[in-house]
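Q: Hi! I have a structure open and would like to talk it through with you. Shall we start?

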Amino acid sequence: MSARPQLPTPVIAAVTRTYPGETACGDMVAWWQEGDATLACIVDGLGHGPDAHHAARSLLALVEGQVGVEPTQRLATADRAMRHTRGAAAALVRIDPAAGTITTAAVGNIQGALFAERTLRFDGMPGIVGAGLRPLKPLVVPFVPADILVLWTDGLRPVDLEADPPSLRGDPERLAADLMASHGRASDDCAVLCVAFRG
């Protein structure tokens, strides 16, 4: 029996910045492996400060704890469990290298784009996780190794990579830092998450 081919692992980087004067950031990111898939989540706890941080941390713990569950259902479960918190906006993505697809579920003021030969932009559906959600619909899109996925909270101005050099797209860590420096708003917590598929 031949060995199973090794699938590429997405290369992920993120940067967060705390609202001036606060010690706790309400915008958070996390990513983790589940089998061959990679999941990544970006979350914006409402407002800023410790209560926003608590809401964001609660959401991350809830979605990470639902192994094998689809992104839309994870956010729906988190919504029911977070009624005691301030609530949060969030985007959860499942990256499946074997299928070459990204499955995205997003709620609230999270924005994202798959920068490919033709840029695909998407926003969170209206609502707040923790305040009661309408049924969520997943967005499933294909990707190729040259693409890059960027997700950001409303602490960043809208991202556009069309004019950026291709070398920057292939370096998620450098790209995330550059976007925070060039697009971050001083008036809010902010977070940006970048995913390259060259693995």
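Q: Which strand does Ala191 lie in?
A: Ala191 lies in strand β10, which covers residues 190-196. Strands here are DSSP runs of E with at least two residues, helices are runs of H or I with at least four residues, and both are numbered from the N terminus. A word on the source: this is a predicted model, where local features need pLDDT of at least 70, side-chain atom pairs count only at pLDDT 80 or more, and totals for chains, interfaces and linings use all residues. Residues are numbered from 1 along each chain as its sequence is written, and side-chain values use heavy atoms, with hydrogens and water left out.

Q: Thanks! Is Ala191 buried or exposed?
A: Ala191 is buried, with a relative accessible area of 0%. The cut-offs are under 20% relative accessible area for buried, over 50% for exposed, and partly exposed in between, with a 1.4 Å probe and protein chains only.

Q: And what does Ala191 touch?
A: Leaving out residues up to four places away in sequence, Ala191 touches Val15, Thr16, Asp27, Val29, Ile42, Leu151, Trp152, Thr153, Leu156 and Met180. A contact means heavy atoms within 4.5 Å.

Q: Where is Ala196, and is Ala196 buried or exposed?
A: Ala196 is in strand β10 too, and Ala196 is buried, with a relative accessible area of 4%.

Q: Switching to cysteines: how many disulfides does the structure hold?
A: The structure holds 0 disulfides, where a disulfide is a pair of cysteine sulfur atoms within 2.5 Å.

Q: What about Cys194?
A: For Cys194 the closest cysteine sulfur is in Cys190, 13 Å away, which is too far for a bond. Cys194 is buried as well, at a relative accessible area of 0%.

Q: Let's zoom out. What is the secondary structure of the chain?
A: The chain comes to 4 helices and 10 strands. Along the sequence, the pattern reads β-β-β-α-α-β-β-β-β-β-β-α-α-β. The radius of gyration is 16 Å, close to the 16 Å from the globule rule for 199 residues, so the chain is as compact as a globular protein of that length. That radius is taken over C-alpha atoms, and the rule is 2.2 Å times the number of residues to the power 0.38.

Q: What box do the C-alpha atoms fill, and what share of residues is buried?
A: The box is roughly 50 × 40 × 25 Å along the principal axes, and 49% of the 199 residues count as buried. Among contacts with a separation of 6 or more, 68% come from residues 24 or more positions apart.

Q: How many positive and negative side chains are there?
A: There are 17 positive and 22 negative side chains, and the centres of the two sets lie 4 Å apart. Lys and Arg count as positive, Asp and Glu as negative, while His and the chain ends are not counted. Each charge is placed at NZ of Lys, CZ of Arg, CG of Asp or CD of Glu.

Q: Last one: where do Leu46 and Ala181 sit?
A: Leu46 is in the loop between β3 (37-45) and α1 (50-64), and Leu46 is partly exposed, with a relative accessible area of 31%. Its contacts, not counting residues up to four places away in sequence, are Ala52, Arg86, Gly87, Ala88 and Ile128. Ala181 lies in helix α4, residues 172-183, and at 67% relative accessibility Ala181 counts as exposed.
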